[in-house]
Amino acid sequence: MNPWLVLFPSNGSHDSNGTCLFFVPEDKDKVYKTRDLGVDFGRSRCLATYGSWLLMMDNLWNLNVLNPLTGERIDLPALTEPVVPERFRPMLKSSLACLWIDKKTKDYLVVWTMEHFLVFTKRGINTWRGFSSKYVGGTTGYVQMVYDHKAQKLYAHRLCYGDIKIWCFCGDDEPQEVFEAESACLTGFSYRDFLPDRWRTIGFDFEKEAGLFTAEYVNGWINIALTVSGQVLKVSTVVQRSKRWLFRIHKISHVTKKWKEIESLGEEALILDMGITVVAKDIPGIKRNSIYFSGVGDGRADPDNIFVFDLATQNIQRLPQCVFSPIHFSDARWFFPGLRN
């Protein structure tokens with residue numbers, strides 16, 4: 001099944017009455033409204049998606065895992081004082097999280113981070129548990145987390161340190177930090193990633209080319225993702241003044257143990273929201289060698305920032321205007337009901 005796009009109404013809009021909208025690419029010019037999901041849904045914020053499930057946080061900092069198609073809901077444990085002291089609760093407004101859930105057994109894992117804390121819960125423990133401080137460090141600065149269920153590893157990207165920390169959830173105790181090639185390779189943003197390949201050659205005017213690039217530069221981001229085979233990717237994104245979008249993808253070289261640019265995802269497509277790739281031929285309608293993008297930060301509420309990017313042609317396929325006209329939305333995310341565990 002194709003990835004869908006879920007749109008969340010803005011608070012205070014006439015649409016924020018406990019529903020959200022779905023755009024199904026196969027149906028072209030149609031959008032669908034969910035059933036009434038409750039008053040608190042309209043006041044909640046989506047932190048992550050996985051398969052048919054949304055990880056939602058209400059205005060009292062309570063989390064739940066919700067299937068908007070069936071209405072099924074799993075309430076997660078309340079935060080307790082020892083895990084996250086009351087004085088740090090305002091940080092939850094800008095918190096982020098990672099979700100995994102088994103669609104048959106409903107086993108789940110949720111990892112939640114705010115500025116100074118990294119906590120997790122899973123089915124059967126009925127509480128939040130903190131990561132050991134010796135693994136987390138001081139101000140964590142995590143900007144993205146991706147979980148590989150097959151390997152039972154969590155990949156957490158830290159912007160302030162420009163690195164990737166990896167934890168293994170292999171046992172019943174607290175996760176253990178592991179060190180792999182990705183742990184030692186910094187993920188910092190570099191202009192060189194977007195300059196012509198000839199920048200290393202003699203006679204290349206680096207300062208001139210860099211100046212032209214920065215004159216057009218508006219903003220840039222770094223994301224991480226996992227391929228179907230479990231390989232870690234670094235995805236660099238830039239938007240220019242002309243509203244042109246640029247993407248560069250790197251993987252770890254087995255020879256140099258450093259990031260190496262790749263020009264194609266081959267038969268896979270990248271769902272950047274979820275930090276994963278999928279095999280395109282297994283999913284009718286999905287475009288191979290493409291990035292499914294829904295903006296970052298405040299850009300998630302901008303229709304111009306929601307599109308499918310073809311890596312081969314560098315062209316953007318935007319969504320039909322009918323997707324956005326019925327609703328004033330505050331957030332948009334790709335949603336993958338047919339995702340296999």
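**Figure 1. Bridge between F120 and R129 in a predicted model.** F120 has R129 of strand 11 as its bridge partner. Strand 10 (residues 117-122) pairs with strand 11 in the antiparallel sense over two bridges; strands are DSSP runs (E, at least two residues), numbered from the N terminus, and two of them pair if DSSP finds at least two bridges between them. The open sheet has four strands in the order 8-9-10-11, with antiparallel pairing. Its edge strands, each pairing on one side only, are strand 8 (96-101) and strand 11 (129-130).

Figure 2. R158 lies in strand 13 (residues 153-158). This residue is buried, with a relative accessible area of 8% (buried: under 20% relative accessible area, 1.4 Å probe, protein chains only). Its side chain makes a polar contact with the side chain of D163 at 2.8 Å (a pair of N or O atoms within 3.5 Å, one able to donate a hydrogen and the other to accept it; residues adjacent in sequence count only if both atoms are side-chain atoms).

**Figure 3. Cysteines of the model.** One disulfide is found in the whole structure (cysteine sulfur atoms within 2.5 Å). C168 and C170 form this disulfide, with sulfur atoms 1.9 Å apart. C20 is in no disulfide; the nearest cysteine sulfur, that of C46, is 9.0 Å away. C20 is buried at 1% relative accessibility, and C46 is buried at 3%.

**Notes.** Residues are numbered from 1 along each chain as its sequence is written.

Technical notes:
This is a predicted model: local features need pLDDT of at least 70, side-chain atom pairs count only at pLDDT 80 or more; totals for chains, interfaces and linings use all residues. Side-chain values use heavy atoms; hydrogens and water are left out. Buried means under 20% relative accessible area, exposed over 50%, partly exposed in between (1.4 Å probe, protein chains only).
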